[in-house]
Amino acid sequence: RIGSSMTAINGSLFVFGGSNGGVTGNGTLNSRELFQLDSLMMTWSLQHTVGITPPARAQHAAAAAGTRLMIYGGSGAAGALDDFWSIDVTGEQPQWIQVARTASQIWPGARVNSRATFASDAFFLFGGLGIQVLSDLLCFNLSSSAWFNVTAYTGTPPTARASHGMVAIGPVLYIFGGE
């Protein structure tokens, strides 16, 4: 599987989406499955969720916010996606929730191969490939349920890139590599 995400939550690894690399007349075969690796038992299980599931995708951004897995965008059957989903993986019947947007709200837009991390009660999203390679840094504040452009920072901002690495250590975001 390529283009999937892997996120650690409460001692388990969660793998979502990705492509099996196969090609049909409609393009690659993307997945919308959510798998869990129990790191104590070293066993994989397919997570059964209730309600609506996000569309199949690969090359999306994902991060953990406490016990919630959050995913943004990626490559779907019709091209780049601009949707945002959340699931609390600890419930008896986990349910995906699509984060709603309002007409007046900032929204990151469709993108693939962007990266996300969680820090300071916010989901941070950087770069990726939209109409062009992007260099924007946005954060979704969990308390206000709103997106913000991050413009206050120290140092030189990273150049536009996709397929990079990103992690938060304390209040600092680190971005490495990419194309």
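A polar contact is a pair of N or O atoms within 3.5 Å; within protein, one atom must be able to donate a hydrogen and the other to accept it. The exercises below concern a predicted model.

**Exercise 1.** Find which backbone atom the side chain of T117 reaches, and decide whether T117 is buried or exposed.

*Solution.*
- Step 1: Locate T117 in strand 11, which covers residues 115-119.
- Step 2: The side chain of T117 reaches the backbone nitrogen of A168, at 3.4 Å.
- Step 3: Buried means under 20% relative accessible area. T117 has a relative accessible area of 10%, so T117 is buried.

**Exercise 2.** Name the residues of the nonpolar surface patch of about 360 Å², and classify Y174 by its relative accessibility.

*Solution.*
- Step 1: V167, I169, V172 and Y174 make the patch.
- Step 2: Strand 15 (165-169) and strand 16 (172-176) are the elements that give two or more residues to the patch.
- Step 3: Y174 lies in strand 16. Its relative accessibility is 43%, so Y174 counts as partly exposed.

**Exercise 3.** Work out the strand order of the open sheet formed by four strands, and identify the bridge partner of S5 in strand 2.

*Solution.*
- Step 1: The order is 1-2-5-6, with antiparallel pairing.
- Step 2: Strand 1 (5-9) and strand 6 (43-46) are the edge strands, each pairing on one side only.
- Step 3: On average, neighbouring strands of this sheet are turned by 25 degrees against each other, direction ignored.
- Step 4: Five bridges join strand 1 to strand 2 (residues 12-16) in the antiparallel sense.
- Step 5: In strand 2, F16 is the bridge partner of S5.

Key:
Residues are numbered from 1 along each chain as its sequence is written. This is a predicted model: local features need pLDDT of at least 70, side-chain atom pairs count only at pLDDT 80 or more; totals for chains, interfaces and linings use all residues. Side-chain values use heavy atoms; hydrogens and water are left out. Two strands pair if DSSP finds at least two bridges between them. Axes are lines fitted to C-alpha atoms, for helices over the stretch in contact, and angles run from 0 to 180 degrees between N-to-C directions. Patches are made of residues with over 30% relative accessible area and no salt bridge: like charges are joined within 9 Å, nonpolar side chains (Val, Leu, Ile, Met, Phe, Trp, Tyr) within 5 Å. Accessible areas come from the Shrake-Rupley method with a 1.4 Å probe; for residues, only the protein chains shown count as cover. A salt bridge is a side-chain nitrogen of Lys or Arg within 4 Å of a carboxyl oxygen of Asp or Glu. Buried means under 20% relative accessible area, exposed over 50%, partly exposed in between (1.4 Å probe, protein chains only).
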